[in-house]
Structure formats: C-alpha cells, structure tokens
Amino acid sequence: MDNSSLLESVELMGRRASLVPLSLDHHDGLVEATRDGELWKLWYTSIPAPDGMKAEIARRLGLQAEGRMLPFTVLDGEGRVAGMTTYMNIDAPNRRLEIGSTWYRTSVQRTPLNTECKRMLLAHAFEKLDCIAVEFRTHVLNSQSRKAIERLGAKLDGILRRHSILPNSTIRDTAVYSITAEEWPMVKSHLDWQLARPR
C-alpha cells in the first residue's frame, strides 16, 4: 500500500448510505446536518459549528493534499447529507490507517447508517488497500462512540492518557481500538448480520 493508492478518490455506495469525496459543494448540507442536534456543543468531541464548516472542509481537503487524510461526506439513503468521516493517521509502510473524525446528524445516530458506513470503509481498507489493521479512536468518556466501536467488533488496544488538548482546554484521554486483517472475515459476517436482521 502506498499513499497514492490510498488517497485515490473513491465513492462507496450502499443501500442506507453512500460515502462520496468531500467537497466544498457539500457545505450547506453539512451545516444543516450539524444543526440537527447542535452537535458542535458536545464538549467531548470536536464537531464544527455552522460558521466554522467552511474552514473544517478546507482543513480536511488540505490534509488530503498533503497525503495525510482521505475525507468523505456521508449521504443517507435519500441522498441527504448526514455527516463526515475520514481515513486518517495513514501509515502506508505499515499498512495501517484510522477511521475517524466522524460525526453524523442526530436523526441518523443509532440507525443502520453508521454500521453500513463502517462496513464499506473496512471492506475497502482490508480488501482493496490491503491493510493489516484499522484503528478507531475516541474520547475515553464518549460512551456512545465507544459502544458503537465495540459493536463493530473492534478490540480495545489501550488508553492514551493525557493524549490531546481539546478546544475547550480540557485534556483528552483517548481510547484506541483496532480490527486486524485476520479478524476482518468474522467482523464482516457480524456486520452483515446486523444489517440484515429485522428492526
């Protein structure tokens, strides 16, 4: 795996969600999505406020240009903007990356949309990019995010204590999870079952 193949623009299409390359054209839809639940007010995560969305899009596209991130806009099954996600912390020589900087409008949280997005991102990482491991990181106190990561089948690698300083000046302890290539077939079967079961 090299950064050029990993950063190649790709669209991942599912039944309940689609992941398309992030663009400034998505600005208004992303602003509307972040207003669904006033997500920028959550202290334990970093989600752009409406007036900061343009800068956040520019930041992610800048990291993509540097070969450090592949950002996506998340669309729901009706094509409405639902949030953002990325491949980040790309370690091409060691064939690892992180799925992170993810947020969804409140109305699609705790729905199959997140499961399908993670299913598509993991399949692309393991089956197309030949990753040997995929990481997930979140604030140690973000119990909603941690439960969602654990439901995917990821295993806790450990806690990075006093890992980063948040915009509100609190210091974050980061929970680090991962799925390995050897675990992927079982995780994939589990995710497929979750997506197929009646709700």
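Which residues in α4 meet which residues in α6? Before selecting them, note that this is a predicted model, in which local features need pLDDT of at least 70, side-chain atom pairs count only at pLDDT 80 or more, and totals for chains, interfaces and linings use all residues. Residues are numbered from 1 along each chain as its sequence is written, and side-chain values use heavy atoms, with hydrogens and water left out.

Select α4 (residues 112–128) and α6 (residues 184–196); helices (H or I, at least four residues) and strands (E, at least two) are DSSP runs, numbered from the N terminus. P112, T115, E116, R119, L122, A123, F126 and E127 in α4 meet W184, K188, L191, D192, Q194 and L195 in α6, where contact means heavy atoms within 4.5 Å. The two helices, α4 and α6, pack at an angle of about 155 degrees with their axes 10 Å apart, the axes being lines fitted to C-alpha atoms, for helices over the stretch in contact, and angles running from 0 to 180 degrees between N-to-C directions. α4 and α6 are therefore roughly antiparallel to each other, a label for angles over 145 degrees.

Next, display the open sheet, whose eight strands follow the order β1-β2-β3-β4-β5-β6-β8-β7 with mixed pairing; two strands pair if DSSP finds at least two bridges between them. Its edge strands, β1 (12–13) and β7 (155–165), each pair on one side only. Helix α4 packs on this sheet, and its direction makes about 160 degrees with that of β5 (96–104).

Within the sheet, zoom in on β3 (residues 69–76) and β4 (residues 81–91), which run antiparallel and are joined by seven bridges; here L70 stands opposite Y87 in β4.

Conventions. Angles under 35 degrees count as roughly parallel, over 145 as roughly antiparallel, 65 to 115 as roughly perpendicular and the rest as oblique.
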